[in-house]
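Subject: Structure handover, aromatic pairs and nonpolar cores

Hello,

Here is the structure for your files. My notes on the aromatic contacts and the nonpolar cores follow below it.

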Amino acid sequence: MPAAVAAGLLLSLGPAHPAAAEDDGLRFDEAIERVTVSPGAALYLSGGFTNGTDRTLDAVYLQVDLDRQFTMGSAFRNCWYSAADTEVRVNRMTCRLEGAVRPGRSYDLYLGGARIDSEAGNGRITYRVSAERGDAPISPAARRGRGPETLAFTERDSAEGRVRPAPAEPGTPVTTAVEVGGTHDLAVNEVTLSGRPGDVVKGDFFFVNKGPGAVRASFDDEPDNDAAVVVELTVPPALKVVKAPSHCRGSRTKAKGAATPSTIRYVCWQKRLYRESVMSPGQFEHFPFTFRIDRADGTPGRIAMPDRREFKDDDPSDNSAAVKVDIAGAGSGSSTRWAAASLLTAVLALGGGALWLRRRSSAARTDGGDR
């Protein structure tokens with residue numbers, strides 16, 4: 001660290017305090033021990049410390065370390081924030097807490113909110129407090145909080161019932177274990193197409209991440225880095241495909257006698273280019289089809305997610321849905337009704353309705369229409 005930078009950080013933290021004895025008893029003694037949260041949620045943190053020394057301290061130094069999948073959302077003016085890097089593998093908040101810290105007294109802190117990344121797994125948040133400025137180093141890349149508030153402490157009425165059953169030794173960090181519950185809920189939508197024989201109708205099928213967590217791109221095991229199939233469509237026998245999306249491919253199964261007619265099926269994949277692509281809550285891929293109603297047959301089709309390991313989610317009940325054809329109730333013209341309209345409304349509210357997926361190149365595998 002250049003001398004000028006180091007000097008600036010020391011001035012920002014304030015004057016050095018005389019060294020405290022090793023057994024001074026200043027300890028961080030109150031924090032949530034274990035908590036379960038959802039991916040993408042905010043976790044609001046409180047804490048506290050006790051001055052077990054025989055003297056009054058005019059400042060203490062707090063350090064909060066978070067696994068890199070968690071970040072502090074507050075920006076207290078007396079704190080410095082640094083992101084995880086190759087040298088320090090945690091996100092860190094370092095604060096100078098000014099005020100009289102009396103001997104034998106305990107104090108509470110409100111630390112603000114920590115954000116849980118949408119892809120986060122289980123992790124931890126660690127706290128330590130010291131009377132020594134040198135025990136709370138600040139990275140040269142740290143940024144000072146620019147919020148309107150300073151992180152302050154308030155004296156507890158009583159320490160009883162507020163400290164942990166086995167308080168940490170002086171200088172020993174205290175940890176909050178964060179269990180990230182819930183993964184993701186992927187879903188497809190039911191579609192009902194209405195019309196009379198000869199009508200051309202449109203149906204749009206959606207593959208949606210309803211949250212609460214994100215999910216990574218789905219790719220096959222082929223060396224060409226192609227995205228894997230995410231939905232399989234069985235076309236109702238009344239319909240003929242006029243136009244299929246470029247990221248869907250159709251096939252026909254052979255008839256096995258009059259009792260088992262031939263079936264048109266399509267497989268569709270996500271238009272992603274990179275394996276590190278992520279599908280956040282509220283984001284979706286859609287598959288717009290154009291059909292012609294060929295005959296008065298109300299036999300439904302099906303839209304379903306394939307039975308793949310990465311699709312095991314919190315609610316498998318919406319991993320498949322019917323594709324219906326309403327002939328008897330059709331009026332003039334053609335229309336498409338979506339039984340999943342409320343689902344789509346929720347998705348648009350979550351993700352802003354923006355299509356998030358990259359477009360595949362025109363050379364990507366594609367076949368449209370019937371086969």
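Aromatic pairs

With ring centres required to lie within 6.5 Å, the count comes to nine aromatic pairs. One of them is formed by Phe 49 and Tyr 107, with 5.5 Å centre to centre and 25° between the planes, and is stacked. Phe 49 belongs to strand 3 (residues 42–50) and Tyr 107 to strand 8 (residues 106–116), so this contact ties together parts that are 58 residues apart in sequence. Both Phe 49 and Tyr 107 are buried. Please keep in mind that this is a predicted model.

A pair with another geometry is that of Tyr 266 and Phe 289: the planes stand at 85° and the ring centres are 5.3 Å apart, so the pair is edge-to-face. This pair also links distant parts of the chain, since Tyr 266 sits in strand 20 (residues 263–269) and Phe 289 in strand 22 (residues 284–293), 23 residues apart. Tyr 266 is buried, as is Phe 289. Together with Phe 205 and Phe 291, Tyr 266 and Phe 289 make up one aromatic cluster.

Nonpolar cores

Which residues touch the most other members of the largest nonpolar core? They are Phe 49 and Leu 151, in a core of 37 residues. Phe 49 is thus found both in the stacked pair with Tyr 107 and in this core. There is also a second, separate core of 32 residues, with Val 191, Val 215, Val 241 and Cys 268 among them.

Regards

Key:
Residues are numbered from 1 along each chain as its sequence is written. This is a predicted model: local features need pLDDT of at least 70, side-chain atom pairs count only at pLDDT 80 or more; totals for chains, interfaces and linings use all residues. Side-chain values use heavy atoms; hydrogens and water are left out. Rings of Phe, Tyr and Trp (its six-membered ring) pair if their centres lie within 6.5 Å; planes under 30 degrees apart count as stacked, over 60 as edge-to-face and the rest as tilted. Helices (H or I, at least four residues) and strands (E, at least two) are DSSP runs, numbered from the N terminus. Buried means under 20% relative accessible area, exposed over 50%, partly exposed in between (1.4 Å probe, protein chains only). A nonpolar core is a set of buried Ala, Val, Leu, Ile, Met, Phe, Trp, Tyr and Cys residues joined through side-chain atoms within 4.5 Å.
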